[in-house]
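Subject: Structure for your files

Hello,

Here is the structure I said I would pass on. My notes on what was found follow below.

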Amino acid sequence: MTGWYVDDRCTNCDVARQLAPGLITEADGASRIVRAPDGETEVRLLHTAAYACPTRSIHPGPGLRLDPALDPFPMGIDDTGAVLLCGHNSTHTAGANSYLLRRPSGTAMMIDTPRWNRELADRYAAVAGPVTDVLLTHRDHAAHGRRYADHYGARLWIHEGDLDAAPDADRVVSGTEPREIAPGVTVHPLPGHTRGSVLYLADDRYCFSGDSFYWSRTTGDFEIAESVTWYSVEELAVSLARTAGLLRCEWVLPGHGERRRLPAAETRSRLLALADRAALMRPRPIDFTAVRW
């Protein structure tokens, strides 16, 4: 097929498929364009996927360039504009999604980080407001944290269990008890994916889950990437059992995997069920190809 294509640098991170469903699918362990876009809306969807792709693998055609005017990021996840998806995912965070959380004061918090780029950093602050804090969910997403924090004059946060990944962090979360770190924002330590994994809960509506759990299109439920759990899936099960019942949120916003909005009561019941399933899991070899996107 001529026109839009995905080059062979694709790492199957799933980001593009989240943003252009129906246009991009998975085949043979990589993303592939299903068909040419039909109309302006679908052209915009492919640009959105392309500007998020960490390997910059999505192209409008041989020798053709993306239209910078169609870069939508930062982009609201819903009509409130309270949370913005950063896009421009980084290969140094395995292509993880990152977010901007707007606060009532007119400031913002960045949860995990996109690729580092000074112009992007300025664009994010211009749209979201001055960034006061960069909140890392765990070590795998720490790559650009210090640069963004220094650029904004912001505080960099990480849990003590992953402190060696950001030893110059300004704020260090400790232990396993939840803690309010700003009005309406609570950190919940969730060791398992890594020793220092955490999630951030904002306004009893938004749950930034890092790599601890995500919505799977394959299973139609919240899942753990048990085949990519670096520290302990058994510890993650304990963490979920301790935490799931405390969470009230409508949105689950992971680093990897699909975002999902559900009624808060359904989110809670599904996470409690996930905790029960996790209790039956046992360690398995690391296998990126086994993740159920």
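How many bridges join β15 to strand β18, and do the two run parallel or antiparallel? Four bridges join them, and the two strands run parallel.

Two remarks on the basis of these notes. This is a predicted model, in which local features need pLDDT of at least 70 and side-chain atom pairs count only at pLDDT 80 or more, while totals for chains, interfaces and linings use all residues. Residues are numbered from 1 along each chain as its sequence is written, and side-chain values use heavy atoms, with hydrogens and water left out.

The sheet around β15

Helices (H or I, at least four residues) and strands (E, at least two) are DSSP runs, numbered from the N terminus. Two strands pair if DSSP finds at least two bridges between them. β15 belongs to an open sheet of six strands with mixed pairing, in the order β12-β13-β14-β15-β18-β19. The edges are β12 (179-182) and β19 (260-261); each has a single partner strand, so one side of each is left without a neighbour in the sheet.

Y200 stands opposite F208 in β15. Three residues separate β14 and β15, which form a hairpin, and D203 in the turn has a positive phi of about 60°. Towards β18 (residues 251-254), C207 has V252 as its bridge partner.

Five of the five residues of β15 are buried (buried means under 20% relative accessible area, exposed over 50%, partly exposed in between, with a 1.4 Å probe and protein chains only). Both faces are covered, with Y206, F208 and G210 on one side and C207 and S209 on the other.

Cysteines

A disulfide is taken as a pair of cysteine sulfur atoms within 2.5 Å. The search of the whole structure finds zero of them. C249 is buried, at 1% relative accessibility. For C86, the closest cysteine sulfur is that of C13, 15 Å away and too far for a bond. C86 is also buried, with a relative accessible area of 0%.

Aromatic pairs

Rings of Phe, Tyr and Trp (its six-membered ring) pair if their centres lie within 6.5 Å; planes under 30 degrees apart count as stacked, over 60 as edge-to-face and the rest as tilted. Seven aromatic pairs turn up in the whole structure. One of them is Y214 with W293, whose ring centres are 6.2 Å apart and whose planes are at 55°, so the pair is tilted. Y214 lies in strand β16 (residues 214-216) and W293 in the segment after α6 (264-278), so the pair ties together parts that are 79 residues apart in sequence. Y214 and W293 are both buried. The rings of W215 and F222 have their centres 5.1 Å apart and their planes at 85°, so this pair is edge-to-face. W215 and F222 are buried as well. Ring pairs also link W116, Y148 and Y152 into a cluster.

Pocket and cavities

On a 1 Å grid over the protein atoms alone, a cavity is a set of points where a 1.4 Å probe fits but cannot get out, and a pocket is an open set with protein on both sides within 12 Å along at least five of seven lines; lining residues have an atom within 4 Å of a point. The largest pocket holds about 460 Å³ of space. It is lined by 23 residues, and those nearest its centre are V228, H256, F288, V291 and W293.

There are two cavities of 30 Å³ or more. The largest cavity holds about 80 Å³. It is lined by 14 residues, of which C10, C13, A16, S31 and C53 are the closest to its centre. The second largest cavity has a volume of about 30 Å³, and its lining consists of T176, P178, H188, P189, R242, T243 and L246. β13 (185-189) and α5 (233-243) are the elements that give two or more residues to that lining.

Regards

Notes:
Points joined across faces, edges and corners; volume = space filled by probe spheres on them.
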